Amino acid sequence: MTNVVYIHTHDSGRFFSPYGAEVFTPNLEQFAADACVFTNAYCTSPTCSPSRSALVSGRYPHNNGMLGLANRGFKLNDYREHLVHLFNSNGYQTLLCGVQHEAGRYVEHEQGAAIIGYQRDLSADNQGLSEKQLVEWDQANVRNCTKWLSSEEAKKPFFLSMGFFATHREYPDTDDSFTGKIPPYLQDCEAVRRDLQGHAASLKHFDTCFGQLIQALKENHMYEDTILLFTTDHGIPYPMAKCTLYDAGIGVALMMRVPGKKQGIVCDELVSQVDLYPSLCSLLKLDLEHEVDGVDFSALFDHPNQAVREAVFAEVNFHTSYEPIRCIRTKTAKLIRYYDEEWRQLNLSNIDNSISKEAYLKQLEDSKKDMVQLYDLRKDPYEQHNLADDEAYQSLLEEMDAKLLKWQQDFHDPLLKGPIALQAGWIVNKGSCIDPKSKNSCDFIQK
């Protein structure tokens, strides 16, 4: 049986050098040259637990139950649908090392691993570490992992989830400013440059750890015979990126090295992280254990120009507050629809606290969002010009609307029946909140 190693980061989007970012990730670059790099991969939701849960279950968040963050009381409807149970029932050892965000808080490892169904947790102790110090936890986790890979136990087939806290906030301290090219969807200002420098420092820690993990696989003669999957949960944690359905929020890095398949290739076809469950089943010749919403894209490893999807779809339900949004994205166009008709201002609660958010705050507080947004991605790849009211684009709007509605109907979107009702145990901020962590302004709703 083929080993599977699933490597994942927090809040990273495509902010890596193989995707054109001016950051220092040489180990990831080396891996990219030996893998299949997907340039058009998207998550199903630009918020942590929903996106991760869709990847590991093969079902959209509104179908698997993870409508919001696990640390705010949201759960999978059935943890037996988690990918780990597929491997458990097929004779694999299953191991977690580091971050998961499908059960509880992302830094609580032992309890979360047991709830999900991992047979063993290799994670280091993180008690007493602040979020700024969790890069040290990443490093300790890699040490534990590389030690296990050299053990006798590792000679039996295994599935390993290696989760990194990087590049989640808080970033390591740095006095420098970012000197690279600012992503076009962000303001080029001092606050954003300082913020990105912290992000880059965190990313450098990850890349070092990534290189150590790959080296351990090679030294233990596992690299050639292991499916290696690297991705992140969603876009970077900046205004108009994470927790939005712009490409800055849903576009993700995805690189896979599959034994016996083409390597050192680039695939520009549309894929969604919800497709990974059925694709892994196909590659490993394992039977699906439950109904999935994703499609099998395994043919792309032999035929990278063979389209497997006409469009990808993504959603937001809850992050810190309720903000129902849906989108459809083709290769050439994007339609975004907001459904919270009573709240037309930008939702500041769902923008992570940061110096970048502070720099944007005056502009954002006075802004209202367009409830329907249409973008021609051929002319406007950074989604700056909404064409929903442009007469020349009305036929495209109708076409995209019809496809989005069909997806909602086919996959039983609860928004078709109205707003999603709060349930007991969920912690949700009101939409008027600016700082979701402040007791004075957050106004929690907990049923």
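**Reading helices, loops and contacts**

Modeller: Helices α7 and α10 cross in a left-handed sense, a term used when the near helix is turned anticlockwise from the far one by less than a right angle, clockwise being right-handed. This is a predicted model, in which local features need pLDDT of at least 70 and side-chain atom pairs count only at pLDDT 80 or more, while totals for chains, interfaces and linings use all residues. Residues are numbered from 1 along each chain as its sequence is written, and side-chain values use heavy atoms, with hydrogens and water left out.

Biologist: How are α7 and α10 arranged, roughly parallel or roughly antiparallel?

Modeller: Two packed helices are described by the angle between their axes and the distance between the axes. Axes are lines fitted to C-alpha atoms, for helices over the stretch in contact, with angles from 0 to 180 degrees between N-to-C directions; the helices themselves (H or I, at least four residues) and the strands (E, at least two) are DSSP runs numbered from the N terminus. The axes of α7 and α10, the latter covering residues 355-365, come within 8 Å and cross at roughly 160°, and the two are therefore roughly antiparallel. On that scale, angles under 35 degrees count as roughly parallel, over 145 as roughly antiparallel, 65 to 115 as roughly perpendicular and the rest as oblique.

Biologist: Which residues of α7 and α10 meet?

Modeller: Contact means heavy atoms within 4.5 Å, and on that basis Ala 191, Val 192, Arg 194 and Asp 195 of α7 meet Ile 355, Ser 356, Ala 359 and Tyr 360 of α10. Sorted by class, this contact has five nonpolar, one polar and two charged residues, where Ala, Val, Leu, Ile, Met, Phe, Trp, Tyr, Cys and Pro count as nonpolar, Asp, Glu, Lys and Arg as charged, and the others, Gly among them, as polar.

Biologist: At what angle do α6 and α7 cross?

Modeller: The axes of α6 and α7 come within 9 Å and cross at roughly 5°, so these two helices are roughly parallel. Among the residues that meet are Val 135, Asp 138, Val 142 and Leu 149 from α6, and Ser 202, His 205, Cys 209 and Leu 217 from α7. By class, the contact of α6 with α7 has eight nonpolar, five polar and one charged residues.

Biologist: How many residues of α7 are buried?

Modeller: Buried means under 20% relative accessible area, exposed over 50% and partly exposed in between, using a 1.4 Å probe and protein chains only; by that rule 21 of the 30 residues of α7 are buried, and the helix is mostly covered. In α6, the buried residues include Leu 134, Trp 137, Asn 141, Cys 145 and Trp 148, and their cover includes β3, β4, β5 and α7.

Biologist: Which residues does a cis peptide bond join, with omega about 5°?

Modeller: That bond joins Ala 166 and Thr 167, and Thr 167 sits in the loop between β5 and α7. The bond from Arg 169 to Glu 170 is cis as well, with omega near 10°, and Glu 170 also lies in the loop between β5 and α7.

Biologist: What does Gly 294 contact?

Modeller: Leaving aside neighbours within four places in sequence, Gly 294 contacts Gly 58, Val 274, Asp 275, Pro 278 and Arg 309. Gly 294 is in the loop between α9 and β10, and at 13% relative accessibility this glycine counts as buried.
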